[in-house]
Amino acid sequence: MKQRNTAKKVLSELILAVCTVVMLLPIYYFVIGAFKKRTDIIKYPLVLAKEMFTLENFPYVIKKMNYWKALGNTVFITLVSLLIVVICASLAGFAIARIRSRLFTGYYGLMVTLMVIPFIGCLLPLAVQSTRLGTYNTLWGCILIQAAWNMPFAVFLFTGFMRDLPKELEEAAYIDGCSTFGVYSRIFLPLLAPVTATCCIRCGVGIWNDYLVSRTLLNENKNPTLMVGIQGFFGARATEFGYAFCGIVLVSIPMVILFLCLQKYFIKGIAAGAVKG
Amino acid sequence: MSQTTSVQQKRKRTSLERDQFRSGLVFLLPSLILCAVFMLVPLIEVIRYSFTDWDGLSPDYNFVGLYNYLHLHQIEGFGEMMVATITFAIGTTLLTIVIAFVTALALDKKEKGRLPRGLMRSLWFFPALLSGSVVGILWRVMYNYNNGVINKILTGAGLSPVNWLETRGVTNIAIIVGAAWVQIGFCVVVFLAGLQSIPQDLYEAAAIDGATPRQQLKNITFPMMASSITINVITTTIAGFKAYELPYLISNGLPGKSTLLLTQRIFFFGFTANDYGRGSALSVLLLVIIALISLVQLVYLRRREDIYG
């Protein structure tokens, strides 16, 4: 009986290992591909031998997609959007969760409803709107749109978090004559670290990986971004596999590094966000 | 004496509440302005344009009432598009949920295995970090008929290569696999969180009563995981209907228009074909589909709260 159980366990571990390998095969394939030439990628797709190894792809790709500028733009868009989202959403979440009013509850309902709207449907009016506001083809236009479209989910997260904090928290402060903003900034803001992390991870990955907004609103040459730039290696006919893979590695690596450093928060944040969503 | 203080207190409280209310309004303002300008106004405009024949460029347009909606089915290949879209959304969801659920069961902490669980969980989450733009390219290259790795493996194993991107039906599966690959990581994490919230004593009690592992799975794990499953099913289905760049970059709508999805048609009508009225009507259709799915989620989760809460 016991023997059968161990045999079973070994078998299930083996299946798990095989599945994991299959799952990660595409990643392995493009990562080693980034260090090979096109012919080697095609001939020996899953091997990286010493004589195939080359770094030639990197300088070409970095130059062709204007990598450093695109990286700078993408970082700027992501960070500033997140900053706006966190400030606005924590303020709104505080009002909704800690100040009793029907109006605020209604506002919460509005935000939850807005979470549902598919972005692509509103793309053209957004382009028109940006032209009207003079933010078309500017990074700020991109930032404001990203901030707005991530706002409902962020408000939802912050409200949920602040609702669960104990009721007595602000009472003493109000009695001592603290202003509402003081209560928000001095008592609540320091407690918001976990939900801010969740919010930044959930929204940040989405903004970083965005293709549609920057593709539609930004000029590729004037304001390159990573996810649009990578499409340049993907011609109609002959795709230079080596360049394409090298590009994939370059645009994905910052997020991967971030993930490796903050794994715990990523996993926790995703789980928390989903359960509340 | 005591009466006056209570009245004073009351007045003080109401003035405090009024104060809070006013501050609250100010607190809502930044998010409200942003969402109004960049979400509500465009949303209203889409709905309004859906009743017009606007081409997206010229200053003039006419109101045509329900024309765009009544003639949606006359859009070339409308039926095919709806079939492709629904197949894609449901196929991605099924594939993702099944794989993610089994993986989560295998990765659950309670199962003490030889492979380190934390590392495995991170590995499974990895693809979820990649952009749809990147994953689209990656899978397109892998599906390549002559040079793609998938066909290389097939021929290496003595099988005949498959024309993944130019065979009707097969390409639909190809984009589903690519999309599921990204979604699985998220769902595994959510399932794992759900599994960890199941009290361990339930299993112990069941084991004492002689329940087999299969019975435990059926009578404890499944019912306790119902809300996680619902959340994952709904979010993946919605993501499937919303998906744009990933399936587009893999298949480009080919062969024919058999993998052209609703979102890609919206983009086409709005930006390429200059038929914005129709594109808007399609946008509203997408909105209605997603709203209905969300409504199902809301009703279902409410009902569960009534039962268990």
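Modeller: Domain bounds in this predicted model come from an automatic or database domain assignment.

Biologist: How far apart do the C-alpha centres of domain 1 of chain A and domain 2 of chain A lie?

Modeller: The assignment divides chain A into domain 1, residues 2–55, and domain 2, residues 65–233. Between the C-alpha centres of domain 1 of chain A and domain 2 of chain A, the distance is 38 Å.

Biologist: Which secondary structure elements make up chain A, helices or strands?

Modeller: Chain A contains zero strands. Read from the N terminus, its elements run α-α-α-α-α-α-α-α-α-α-α-α-α-α. The secondary structure of chain A therefore comes to 14 helices, counting a helix as a DSSP run of at least four residues.

Biologist: Where in chain A is confidence lowest?

Modeller: Chain A has an average pLDDT of 84, and 95% of its residues score at least 70. Confidence is highest in helix H4 (residues 67–98) of chain A, at a mean of 92. Where pLDDT is low, the predicted coordinates should not be read in detail. The lowest mean, 69, belongs to helix H14 (residues 263–276) of chain A.

Biologist: Why is chain B described as more spread out than a compact globule?

Modeller: Chain B has 13 helices and zero strands. The globule rule gives 19 Å for 309 residues, and chain B is more spread out than such a globule because its radius of gyration is well over that value, at 26 Å. Along the principal axes, the C-alpha atoms of chain B fill a box of roughly 95 × 75 × 30 Å.

Biologist: What percentage of the residues in chain B is buried?

Modeller: A residue is counted as buried if 20 or more other C-beta atoms lie within 10 Å of its own. In chain A, buried residues make up 46% of the 277 residues. For the 309 residues of chain B, the value is 39%.

Biologist: Which residues of H6(B) are buried?

Modeller: Helix H6 of chain B covers residues 149–156 and supplies at least two residues of the side that touches chain A. Just after H6(B), Gly158(B) takes a positive phi of about 85°. The buried residues of H6(B) are Val149(B), Ile150(B) and Asn151(B).

Biologist: Which helix supplies the largest share of the side of chain B that touches chain A?

Modeller: The contact takes 70 residues from chain A and 66 residues from chain B. Several helices of chain B each supply at least two residues of that side, including H1 (2–49), H7 (170–196) and H13 (276–308). The largest share, 19 residues, comes from H1(B).

Biologist: What ipTM does the predictor give the complex?

Modeller: Chain B averages a pLDDT of 83, with 91% of its residues scoring at least 70. For the complex, the predictor gives a pTM of 0.85. The ipTM is 0.83.

Definitions and conventions:
Residues are numbered from 1 along each chain as its sequence is written. Chains are lettered from A and ligands numbered from 1 in the order in which they are written. This is a predicted model: local features need pLDDT of at least 70, side-chain atom pairs count only at pLDDT 80 or more; totals for chains, interfaces and linings use all residues. Two residues are in contact if their C-beta atoms, placed from the backbone, lie within 7 Å. pLDDT is the predictor's confidence in each residue, from 0 to 100. A residue is buried if 20 or more other C-beta atoms lie within 10 Å of its own, exposed if 12 or fewer, and partly exposed in between; C-beta atoms are placed from the backbone. The radius of gyration is taken over C-alpha atoms; the globule rule is 2.2 Å times the number of residues to the power 0.38.
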